[in-house]
Amino acid sequence: AQGTKVSLDLPGGPWGSIPFEKIEERDNMIRSWSQDAVLIRADSHSEESAKAVARHLGAPLDFLFIDGDHSLEGVTDDYLRYSPFVRAGGWIGFHDINDTAPHREHGVFVAPLWNRLRGEKIEFNAGDSWAGIGLVRSPAALAPE
């Protein structure tokens, strides 16, 4: 992919999977893939984080992938806060769209938001026992609860 790539991550957060001692190694690997990689370590729910992302974007995003706070409130906040950065016709991806007992037991509530989104959608391994990736074309409409 060409252009700026921005990663907003909160290592050590409740949904983080990278041990602190591996963060620098991971960041260096990402930087080796692209000179245009910007790595921001911050909470996606803060207005300052959104402003930091905006400062690095030269143009609207073609693709946004949301895989952070998996609570319903958290994923909804990430969607509402960052989807305006995506160009019309671009894509917004979500991790863990499946609604299963293991998802709910682990506090993963992406599915309710995913199910409210209206628009052109593509799903990968939807309905499996874990994970699920969903893409929705921007702009997507959020149906009332």
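**Figure 1. Overview of the protein chain.** Of the 145 residues in the chain, 40% count as buried. The model is predicted. The chain holds five helices and eight strands. Read from the N terminus, these elements follow the order β-α-β-α-β-α-β-α-α-β-β-β-β. The C-alpha trace spans about 40 × 35 × 25 Å along its principal axes. For 145 residues, a compact globule would have a radius of gyration near 15 Å, and the chain agrees with 15 Å. Among contacts with a separation of 6 or more, 68% link residues 24 or more positions apart.

**Figure 2. Helix α2 and its surroundings.** Which residues of α2 (residues 47-56) are buried? They are S49, A50, A52 and V53. Viewed down the axis of α2, the buried residues fall within an arc of 155 degrees, so they line one face of the helix. The cover over these buried residues includes β1 (5-9), β2 (37-41) and α3 (72-82). E48 and R55 sit on the other side of α2, where they are exposed.

**Figure 3. The open sheet of four strands.** The strand order is β3-β4-β7-β6, and the pairing is mixed. β3 (61-66) and β6 (121-124) stand at the edges. Each has a single partner strand, so one side of each is left without a neighbour in the sheet. From one strand to the next, the twist averages 15 degrees.

**Figure 4. Close-up of the β3-β4 pairing.** β3 pairs with β4 (residues 86-95) in the parallel sense. Five bridges make up this pairing. Which residue of β4 is the bridge partner of I66? The partner is F94.

**Figure 5. The R41-D27 salt bridge.** Side chains of opposite charge can pair when their charged atoms come close. Here the side chains of R41 and D27 meet in a salt bridge at 2.4 Å, N to O. R41 belongs to strand β2 and D27 to helix α1 (residues 23-33), so the pair ties together parts that are 14 residues apart in sequence. Is D27 buried or exposed? D27 counts as buried, because its relative accessibility is 2%, under the 20% limit. R41 is partly exposed, with a relative accessible area of 43%.

Figure 6. The side chains of E24 and R31 form a salt bridge, 3.9 Å from N to O. That distance is within the 4 Å cut-off for a salt bridge. E24 counts as partly exposed at 42% relative accessibility. R31 is also partly exposed, with a relative accessible area of 39%. R41 and D27, paired by a salt bridge, return in this view. Salt bridges that share partners join D9, E24, R26, D27, R31 and R41 into one network.

**Figure 7. The D99-R104 salt bridge.** How far apart are the closest N and O atoms of D99 and R104? They are 2.5 Å apart, and the two residues form a salt bridge. R104 is partly exposed, with a relative accessible area of 40%. The count of salt bridges comes to 13.

Conventions: Residues numbered from 1 in each chain as written. Predicted model: local features only at pLDDT ≥ 70, side-chain atom pairs only at ≥ 80, totals over all residues. Heavy atoms only, no water. Buried < 20%, exposed > 50% of the residue type's maximum accessible area, 1.4 Å probe, protein only. Helix = DSSP H or I, 4+ residues; strand = E, 2+ residues; numbered from the N terminus. Arc of directions from axis to C-beta. Contact = heavy atoms within 4.5 Å. Pairing = 2+ DSSP bridges. Axes fitted to C-alpha atoms, helices over the stretch in contact; angles between N-to-C directions. Rg over C-alpha atoms; globule rule 2.2 N^0.38 Å.
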